[in-house]
Amino acid sequence: MAAAQVPLTTFNNGQKVPSVGLGCWLGLSNSENGDQTGAMVRTALKHGYRHFDTAAGYGNEEAVGKAIRESNVPREEIFVTTKYKQWLNVETVAENFNMSLEKLGLGHIDLWLMHWPMAMKNGRTLGPDDSPTFVDTWKEMEKVYEQGKVKSIGVSNFSIKTLEVLLKHAKIVPVTNQVELHPSYPQNDLLQYCKVKNIVLTGYSPLGQFNSPFFNDPTLQAVAKKEGGSVAQVLISWAVQRGTVVVPKSEREERIKDNIQLLSLSAESFGAVDDFHKGPGLHRPLCVCFLPTPGKVFGWTYEQLGWDVKWDEEENRICVA
């Protein structure tokens, strides 16, 4: 169970994280989650993964922790991320953290993220100015960090707009912002902003989600052939070479193994992937969280989230504004 040879990325507090991890969201009910999650994590450990990304909202923290504990891989070699679920029925942020800490059973948490900027109370999504705001939540997360049970704290699904608000009040700068990132939605402006602020961007869904446009694309297939790898390896390698961390997910062993074997892309190949979003109709998010309510995500409008996107009524999908 030797660790895979992937670059380490250094956060603004000096902590290092493997640049490729395993995303553990399966979209399953809690009763289904345990066995499948455990098998996936065990397979990933076998192939050298040492970075695992879960969340309170995924319902599988216990399964992730159990698989890691039973692996005999030293705890100090493992990096575990989990996320704060703002709509759990608990009284305090600290209580929320302790629930995750107990379920994982790993002694400490390496990275704890605020999963979304919006919160929910009594079944109602709170607006940006309703208490508790994401600034209120962050201040409570800072208190948990200062207690030493989590090594780093960060955010997820934040935009330049929401980061600007947060950073005006934060004592601790988030080490990372985990967002949807892939060649159709490279978020170049956000990437540059975060580099200036010394915040690492972590990409979820780096291979797209359902109906991904990448795997049958002739340009990406040609790059993969030229570089001697798969399309998935090209996409993940591009992400790492542009300075981001990625957490692709898969339950299939051959794909888990494939996803952590990085290529060194030539400048020409990197540029071809970098320009992918410039193709007709290709510059758009692919995440399923956009689908249930056009124009909103979990109760907030795209404008409130600070996302430069719009709903295309004709295509019945989201695209970059």
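How many bridges join strand 5 to strand 6, and do the two strands run parallel or antiparallel? In this predicted model, 4 bridges join strand 5 to strand 6, and the two strands run parallel. Strand 6 covers residues 109–114.

His-51 stands opposite Phe-79 of strand 5. Between strand 4 and strand 5, the chain passes through helix 2, residues 61–69. This β-α-β crossover is right-handed.

How many of the residues of strand 5 are buried? The count is 6 of the 6, across residues 79–84. Strand 5 is therefore largely enclosed by the rest of the structure. In a regular strand, side chains alternate between the two faces of the sheet.

The largest pocket was examined next. Its space comes to about 1,100 Å³. The lining consists of 41 residues. Closest to the centre of the pocket are Trp-25, Ser-205, Gly-208, Gln-209 and Lys-249. Two elements, strand 5 and helix 9 (253–259), each give two or more residues to this lining. Helix 9 supplies the largest share, 3 residues. By type, the lining residues divide into 20 nonpolar, 13 polar and 8 charged.

Ser-205, one of the residues closest to the pocket centre, was considered in more detail. Ser-205 sits in the loop between strand 11 (200–204) and helix 7 (218–227). Is Ser-205 buried or exposed? Its relative accessible area is 12%. Buried means under 20%, so Ser-205 counts as buried. The side chain of Ser-205 also makes a polar contact of 2.8 Å with the side chain of Gln-209. Gln-209 is likewise among the residues closest to the centre of the pocket.

Val-6 is placed in the segment before strand 1 (8–10). The relative accessible area of Val-6 is 15%, so this residue is buried. Val-6 and Tyr-49 are 43 residues apart along the chain, and their C-alpha atoms are separated by 9.2 Å.

Terms used: Residues numbered from 1 in each chain as written. Predicted model: local features only at pLDDT ≥ 70, side-chain atom pairs only at ≥ 80, totals over all residues. Heavy atoms only, no water. Buried < 20%, exposed > 50% of the residue type's maximum accessible area, 1.4 Å probe, protein only. Pairing = 2+ DSSP bridges. Right-handed = clockwise from strand over helix to strand, strands pointing away. 1 Å grid on protein atoms, 1.4 Å probe; cavity = no way out; pocket = protein on both sides within 12 Å on 5 of 7 lines; lining within 4 Å. Points joined across faces, edges and corners; volume = space filled by probe spheres on them. Nonpolar A, V, L, I, M, F, W, Y, C, P; charged D, E, K, R; others polar. Polar contact = N/O pair within 3.5 Å; in protein donor to acceptor, adjacent residues only side chain to side chain.
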